[in-house]
Amino acid sequence: PYTTLFRSATLNVGATASYSSIGSAIAAASDGDTILVDAGTYVESVDLAGKDLEIIGSGSSTIIEPTGAFAFRFDDGEAGSVQDLLIDAGAARGFYIEGGSPSISGIELENLDVGSLKGGVAYVDGGSPSFTDIEADAPAAIWGAGFYIVGGAEVTLTQVTLDSPDAGGQGGGIRSEERRVGKECRSRWS
């Protein structure tokens with residue numbers, strides 16, 4: 001009998017690290033690896049490319065400025081996690097999740113106005129993602145300024161704060177076509 005050992009790797013992203021972008025670290029990573037992201041501003045949209053990875057920032061000094069319609073995309077059944085960073089979203093969603101089940105925690109979102117799109121903080125279609133310790137300042141979208149949830153998704157929201165959410169259509173902070181949502185969520189309107 002043979003024993004196979006799997007070891008996960010830690011990949012470092014930053015100005016003086018092995019990788020200068022999160023995307024390049026993901027390309028080099030394998031399932032189960034951890035990507036540590038140094039403080040700094042990263043101008044990119046991050047697609048997990050079907051890999052279950054742990055992405056850890058350095059708190060609000062790790063800033064993601066998306067270049068596309070999302071900051072992070074989980075659309076191939078990925079799990080993994082994203083934690084401890086700030087998304088300066090502009091017209092991009094924070095998270096696009098289709099069938100994935102990531103754990104998202106310690107995220108701040110600023111300048112979040114996705115206009116006629118649904119789900120500013122996250123658009124979730126299927127899967128069972130969890131969001132913990134999320135703060136979004138004035139998220140705006142046509143439906144579900146914070147979260148738009150469809151497709152049988154089972155979403156867990158814990159310690160989620162949506163400050164002054166603005167949905168031009170329906171849903172205010174959360175628009176869900178599913179029954180299983182919520183836990184310790186707050187919306188504040190000024």
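Asp-31 touches Gly-50, Lys-51, Asp-52 and Leu-53, with residues up to four places away in sequence left out of the count; contact here means heavy atoms within 4.5 Å. The analysis rests on a predicted model, in which local features need pLDDT of at least 70 and side-chain atom pairs count only at pLDDT 80 or more, whereas totals for chains, interfaces and linings use all residues. Residues are numbered from 1 along each chain as its sequence is written, and side-chain values use heavy atoms, with hydrogens and water left out.

Asp-31 is placed in the loop between H1 and S2. Helices (H or I, at least four residues) and strands (E, at least two) are DSSP runs numbered from the N terminus. The side chain of Asp-31 reaches the backbone nitrogen of Asp-52 at 2.8 Å. Between Asp-31 and Asp-47 the C-alpha to C-alpha distance is 14 Å, at a separation of 16 residues in sequence.

Asp-33 also belongs to the loop between helix H1 (22-28) and strand S2 (34-37). Its side chain reaches the backbone nitrogen of Ser-30 at 2.8 Å. Neighbours within four places in sequence aside, Asp-33 is in contact with Ser-8, Ala-9, Leu-11, Asp-52, Leu-53 and Glu-54. Asp-33 is buried yet has no salt bridge, and the nearest side chain of opposite charge, that of Lys-51, is 7.5 Å away. Buried denotes under 20% relative accessible area, exposed over 50%, and partly exposed the range in between (1.4 Å probe, protein chains only). For charge, Lys and Arg count as positive and Asp and Glu as negative, while His and the chain ends are not counted.

A salt bridge requires a side-chain nitrogen of Lys or Arg within 4 Å of a carboxyl oxygen of Asp or Glu. The count by this rule comes to two salt bridges. In one of them, Arg-73 and Asp-75 meet through their side chains at 2.6 Å, N to O. Both residues are partly exposed, Arg-73 at 22% relative accessibility and Asp-75 at 29%. Glu-177 forms a salt bridge with Arg-175, with the closest N and O atoms 4.0 Å apart. Glu-177 is partly exposed at a relative accessible area of 45%, as is Arg-175 at 21%.

Six strands form an open sheet with parallel pairing, in the order S4-S7-S9-S11-S14-S17. Strand S4 (46-47) and strand S17 (174-176) stand at the edges with a single partner strand each, so one side of each is left without a neighbour in the sheet. Two strands are taken to pair if DSSP finds at least two bridges between them. Strand S9 (residues 93-98) runs parallel to strand S11 (residues 122-125) and is joined to it by four bridges. Ile-97 stands opposite Val-124 in S11, and Glu-98 has Asp-125 of S11 as its bridge partner. Four bridges likewise join S11 to strand S14 (residues 147-150), again in parallel, with Tyr-123 opposite Tyr-148 in S14.

A nonpolar core is a set of buried Ala, Val, Leu, Ile, Met, Phe, Trp, Tyr and Cys residues joined through side-chain atoms within 4.5 Å. The largest such core holds 42 residues, of which Ile-35, Phe-72, Ile-87, Phe-95 and Phe-131 touch the most other members. Beyond its neighbours within four places in sequence, Ile-87 is in contact with Ile-64, Pro-66, Ala-71, Phe-72, Gly-94, Phe-95, Ile-107, Glu-108, Leu-109 and Glu-110. A second, separate core of five residues includes Phe-70, Tyr-96, Tyr-123 and Val-150.

Gln-83 lies in strand S8 (residues 81-90) and counts as buried at 18% relative accessibility. Residues up to four places away in sequence excluded, Gln-83 touches Glu-54, Ile-55, Ile-56, Gly-57, Ser-105 and Ile-107.

Most residues other than glycine have a negative phi. Positive values, however, occur at Asn-111, with phi near 50 degrees, and at Gln-159, with phi near 55 degrees. Asn-111 is located in strand S10 (residues 103-112). Gln-159 is located in strand S15 (residues 156-163) and is partly exposed, with a relative accessible area of 38%.

Key: A polar contact is a pair of N or O atoms within 3.5 Å; within protein, one must be able to donate a hydrogen and the other to accept it, and residues adjacent in sequence count only if both atoms are side-chain atoms.
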